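Reader: Could you walk me through this model, telling me what each label rests on? I like to see the cut-off beside the value.

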Amino acid sequence: MALPALLVAMVALMWQPMREEVATRDEPVFLAAGYTYLKGMGLHLDPEQPPLAKEWSALPLLFMDVKISERAGKYLDPQWGSPETRTWGDEHVPVQTLFPIGRDNWYFRPLAESIAFGNLFLYDGTNEAENLLFAGRLMQVVLTLLTGAVIFFWIRQLAGGEAAAFGTALWVFNPLALAYGHLVLTDMGATLTILLSVWCFSRLLEKPTSFRAVLVGLATGGALLMKFTAVLLAPMYATMAVVWWWKSPPERRQLGTICKVIGLAGLVTSYTLLPGTRLGKRFGPIRPISVAMATWRESCTRPVRTHA
């Protein structure tokens with residue numbers, strides 16, 4: 001009963017802030033970008049982070065009466081030129097003021113356009129901003145609670161139920177977890193998937209099997225699709241493997257088996273990230289993470305477009 005009680009307490013502590021706090025600068029950007037990804041409108045908005053965390057937050061919006069105004073929709077047109085632009089000093093100015101004789105070599109600035117689209121998406125009066133924001137935050141709370149569950153079960157495996165309850169309580173009442181755990185950001189998704197990846201890899205080292213290798217690959221792929229911070233899993237895995245080799249008795253050092261299952265985990269990770277899977281062809285506009293990741297990579301290197 002310790003785990004449910006702790007998670008209920010965590011929800012209670014986050015409930016009022018989740019309802020009453022104004023949006024941070026990033027929340028409208030991530031929520032709006034995730035919605036455009038899921039609706040098949042391209043992934044050029046907010047390419048600074050992988051798509052999965054934003055898509056997860058925007059999932060409830062698919063079942064809500066969401067509209068994109070004409071003004072906001074212009075940011076989805078790759079050939080539209082805005083009458084205003086931002087200077088490198090982040091100042092909003094009319095294009096005519098900066099270039100009174102005109103200019104034809106406009107560029108696409110993802111950060112500025114993503115912020116503008118996100119603010120219009122929530123606050124131009126077309127949608128109920130509080131309802132959309134609450135729905136997105138609720139999805140983040142789910143990730144926060146799942147992180148607590150992973151902590152509980154991992155510690156219980158290592159040290160028993162009492163230690164698991166204590167360790168989970170440290171997470172539940174952690175000010176950082178409470179502050180970020182209800183916001184539409186990429187941090188909680190990365191926390192959950194990186195933690196899960198490390199746990200799965202430790203289980204793989206304990207007993208190398210194909211099933212555990214697949215779990216490592218899926219968890220690692222999910223982490224890489226949540227946030228770039230997940231690249232730190234590579235040195236983590238290497239350090240864990242070295243320590244395991246050093247601590248294990250000679251009869252348990254199944255180097256051949258370990259190499260094979262780690263190779264399998266790598267293949268599963270790559271399959272999660274690469275485009276062109278059969279699953280991607282089946283899902284249509286709501287593309288799986290493999291196809292979304294491929295389109296996102298293309299958007300980061302796409303040619304300059306006409307835009308103010």
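Author: Gladly, and let's start on the surface: Phe211, Val214, Leu215 and Leu218 form a nonpolar patch there, with about 350 Å² of accessible area together. The model is a predicted one, in which local features need pLDDT of at least 70 and side-chain atom pairs count only at pLDDT 80 or more, while totals for chains, interfaces and linings use all residues. Residues are numbered from 1 along each chain as its sequence is written, and side-chain values use heavy atoms, with hydrogens and water left out.

Reader: What makes a group of residues a patch?

Author: Patches are made of residues with over 30% relative accessible area and no salt bridge; nonpolar side chains (Val, Leu, Ile, Met, Phe, Trp, Tyr) are joined within 5 Å, like charges within 9 Å. The areas themselves come from the Shrake-Rupley method with a 1.4 Å probe, and for residues only the protein chains shown count as cover. The accessible surface of the protein comes to about 16000 Å², 65% of which belongs to carbon and sulfur atoms.

Reader: Why is Val214 called partly exposed?

Author: Buried means under 20% relative accessible area, exposed means over 50%, and partly exposed is what lies in between (1.4 Å probe, protein chains only). Val214 has 30% relative accessibility, so it counts as partly exposed. Its place is in helix H11.

Reader: And how do you know what to call a helix?

Author: Helices are DSSP runs of H or I with at least four residues, strands are runs of E with at least two, and both are numbered from the N terminus. That gives 15 helices and 2 strands in the protein.

Reader: How does the span of H7 compare with the one expected?

Author: The expected span is 1.5 Å times one less than the number of residues. H7 has 31 residues and reaches 45 Å from its first C-alpha to its last, close to the 45 Å expected. Gly160 follows H7, with a positive phi near 100 degrees.

Reader: Is Gln140 buried or exposed, and how do you know?

Author: Its relative accessible area is 1%, so Gln140 is buried. Gln140 is found in helix H7 (residues 129-159). Leaving aside neighbours within four places in sequence, its contacts (heavy atoms within 4.5 Å) include Trp56, His182, Leu185 and Met188.

Reader: What makes Glu27 and Arg137 a salt bridge?

Author: The term asks for a side-chain nitrogen of Lys or Arg within 4 Å of a carboxyl oxygen of Asp or Glu. The side chains of Glu27 and Arg137 meet at 2.8 Å, N to O, so the pair qualifies. The pair links distant parts of the chain, with Glu27 in helix H2 and Arg137 in helix H7, 110 residues apart. Glu27 has 0% relative accessibility and so counts as buried; Arg137, also at 0%, is buried too. The whole structure holds 5 salt bridges.

Reader: Which residue does Asp46 form a salt bridge with?

Author: The partner is Lys54, with the closest N and O atoms 2.8 Å apart. Asp46 is buried, and so is Lys54; for Asp46 the relative accessible area is 4%. Asp46 lies in the loop between helix H2 (26-38) and helix H3 (52-58), and has a phi near 50 degrees, a positive value in a residue other than glycine.

Reader: Why are Arg203 and Glu206 about one helical turn apart?

Author: They are 3 residues apart in helix H10, so about one helical turn separates them. An α-helix has 3.6 residues a turn, so residues three or four places apart point the same way. Arg203 and Glu206 form a salt bridge at 3.6 Å. Arg203 is partly exposed at 29%, and Glu206 is partly exposed at 38%.

Reader: What makes something a nonpolar core?

Author: A core is a set of buried Ala, Val, Leu, Ile, Met, Phe, Trp, Tyr and Cys residues joined through side-chain atoms within 4.5 Å. The largest one has 37 residues, and among those touching the most other members are Met10, Trp171 and Phe201. H10 supplies its largest share, 10 residues. Apart from it lies another core of 29 residues, among them Phe30, Ala58, Leu76 and Leu120.

Reader: Which helices do the buried residues of H8 pack against?

Author: They pack against H1, H7, H9 and H10. The buried residues of H8 include Trp171 and Val172, and Met10 touches both of these.
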